[in-house]
Amino acid sequence: MKRIATDMKAFDCILLAACITLCATWSGAQEKKTSAGVGVAAAADLSTALKEIGDSYKKKTGVRVKLSFGASGALTQQIQNGAPFDLFFSADMDYLRQLVAAGEANGRSLYQYAVGKLVLWVPADSPLDVVRQGMNVLLDASVNKIAIANPQHAPYGRAAVAALKHAGVYDQLANRLVLGENVAQAAQFVESGNAQAGFVALAHAVAPGMRGKGKYWEVPADAYPLLAQGVVVLSQSQHKKEAGRFLEYIKTKESAELFRTYGFTLPSQ
Amino acid sequence: MAIDWQAFCLTLELAITVSAILLALGLPIAWWIAFSRWRWKFLLEAIVALPIVLPPTVLGFYVLVALGPHSPLGRWWISLTGHTLAFTFSGLVMGSILYSLPFAVQPFATSFAGVDRKLIAASATLGASPLRTFFRVIAPLSVPGLITGTALSFAHTMGEFGVVLMVGGNIPGVTRTVSIDIFDRVQTSDYATANQTALLLLAFCFAVLAVVYSINRKAWVLGPIK
């Protein structure tokens, strides 16, 4: 009898603990829903630039900028399926126009903040002389794998394929390509040495994580479609005023300087 | 757009390869876990169970970086095979073996431990070596557990996504598995094909598991078979 009583006591304790945990988790989740801040979906090449801009914005205004990075195509999908972002920074304005046409974004807030640049990057210890020979180094037999972003949903991937076709080497090299989920993963493939070369954003090549670890060559702008990078406020945003204010901050000279430091060209140039 | 059959066949090949290797690899590990009386045995059991709780991104991270070309182990692998572990089918096989290891070893070990010790003792007194006892007494009595473990590691590998996403490189015919294909389709709004492929995978895995559990009626419980 005593054994059953102890078992029941133990069971009651576990049940009580589970209930308390459940309530705590539920109320914690409620809190998160109404916390202030601007939710930003951003293309993967902005990971360093936007973090710094977000930090300086927080210092100035006290408003938190919550960043989620990914491939522009993938993020567009998520937004069309109701992802709760306030602003979307895309590496390709076409995705933004698509969202505006579908009523998911505010057309008047559409703003081109930069032009992205594609570079061919190799690790520092690579024997390839990419700085002088550019894309010709890819024809070398030692290049087993070339990392690019997935051209189906990443603008930098599409740009890489266009550049390879423009140079007339796409058919030769197509079977050496490895596709990253987004351009940041492509950069990671080549930075870790698993791919011998990769087409990444200039923003990655100059970012603190990769700067000095490799050599790169800027792909000429006429070899790939213009990477016009834009931002828009989303229709289902719950914080439209804060989103608008952050957008105003993006248009300032301060932000423009930060974008330039991180490898983006300003649209006027 | 049609279903990517190449991806499906590749995934099937991966799952069959991995479950076959795990059957061979898992037996000695499970035997040791079931019959060893080493006081630190719990450490090995914890290591074997790790892939159940760790996110596949941890495994992917280690294959990419700690076993990458900048690491001594990675360089040794390259000197042996001529290429990296990442972006290859063999890399996926190795990652999947680690990822599905507990799903094979745990059912094996549980069923070995459930074999009546008196029978094992009787076999020993009749002069059979431990190896002969294993193949003639223990293994035949543990068939339900062996089938469960193999079926689970097969199904688990069919559904693998995280590791493949991190180290696969999405190469068609080499590392583009069905789960990556579905992910890609969704990313590009090709919902029709994504749906078809997902339903196919669902139906196939359900059929495989249903057949396995119908042969193995007592085996849906992972405890000792009484």
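Analyst: Welcome! Helices (H or I, at least four residues) and strands (E, at least two) are themselves DSSP runs, numbered from the N terminus. This is a predicted model, where local features need pLDDT of at least 70, side-chain atom pairs count only at pLDDT 80 or more, and totals for chains, interfaces and linings use all residues. Residues are numbered from 1 along each chain as its sequence is written, while chains are lettered from A and ligands numbered from 1 in the order in which they are written.

User: How do strand 3 and strand 10 of chain A run, and how many bridges join them?

Analyst: In general, strands of a sheet pair through backbone hydrogen bonds, either parallel or antiparallel. Here, strand 3 (residues 87-90) and strand 10 (residues 227-233) of chain A run antiparallel and share 4 bridges. To find the pairing by eye, look for A:Phe89, whose bridge partner in strand 10 of chain A is A:Val231.

User: In what order do the strands of that open sheet in chain A come?

Analyst: The sheet is open, with 5 strands of chain A in the order 2-1-3-10-4 and mixed pairing. At its edges are strand 2 (65-70) and strand 4 (111-116) of chain A, each of which pairs on one side only. Angles here run from 0 to 180 degrees between N-to-C directions, with axes fitted as lines to C-alpha atoms, for helices over the stretch in contact. With direction ignored, neighbouring strands of this sheet are turned by 20 degrees against each other on average.

User: Which strands of chain A does helix 2 lie across?

Analyst: Here contact is the idea to have in hand: two residues are in contact if their C-beta atoms, placed from the backbone, lie within 7 Å. Helix 2 (residues 47-61) lies across strand 1 (38-43), strand 2 and strand 3 of chain A, and runs at about 175 degrees to strand 2.

User: Are the residues on the two faces of strand 7 of chain A buried or exposed?

Analyst: In a regular strand the side chains alternate between the two faces of the sheet. A residue is buried if 20 or more other C-beta atoms lie within 10 Å of its own, exposed if 12 or fewer, and partly exposed in between, with C-beta atoms placed from the backbone. In strand 7 (residues 177-180) of chain A, both faces are covered: A:Leu177 and A:Leu179 on one side, A:Val178 and A:Gly180 on the other, are all buried.

User: How many helices and strands does chain B have?

Analyst: Chain B has 11 helices and 0 strands, whereas chain A has 11 helices and 10 strands. Buried residues make up 38% of the 226 residues in chain B and 45% of the 269 residues in chain A.

User: At what angle do helix 8 and helix 11 of chain B cross?

Analyst: Angles under 35 degrees count as roughly parallel, over 145 as roughly antiparallel, 65 to 115 as roughly perpendicular and the rest as oblique. The axes of helix 8 (residues 143-158) and helix 11 (residues 191-215) of chain B come within 10 Å and cross at roughly 175 degrees, which makes these two helices of chain B roughly antiparallel. Residues that meet there include B:Phe154 from helix 8 of chain B and B:Leu209 from helix 11 of chain B.

User: How many residues of chain B are in contact with chain A?

Analyst: 18 residues of chain B are in contact with 15 residues of chain A. Helix 10 (178-187) of chain B and helix 3 (56-66) of chain B each supply at least two residues of that side of chain B, and the largest share, 3 residues, comes from helix 10.

Technical notes: Pairing = 2+ DSSP bridges.
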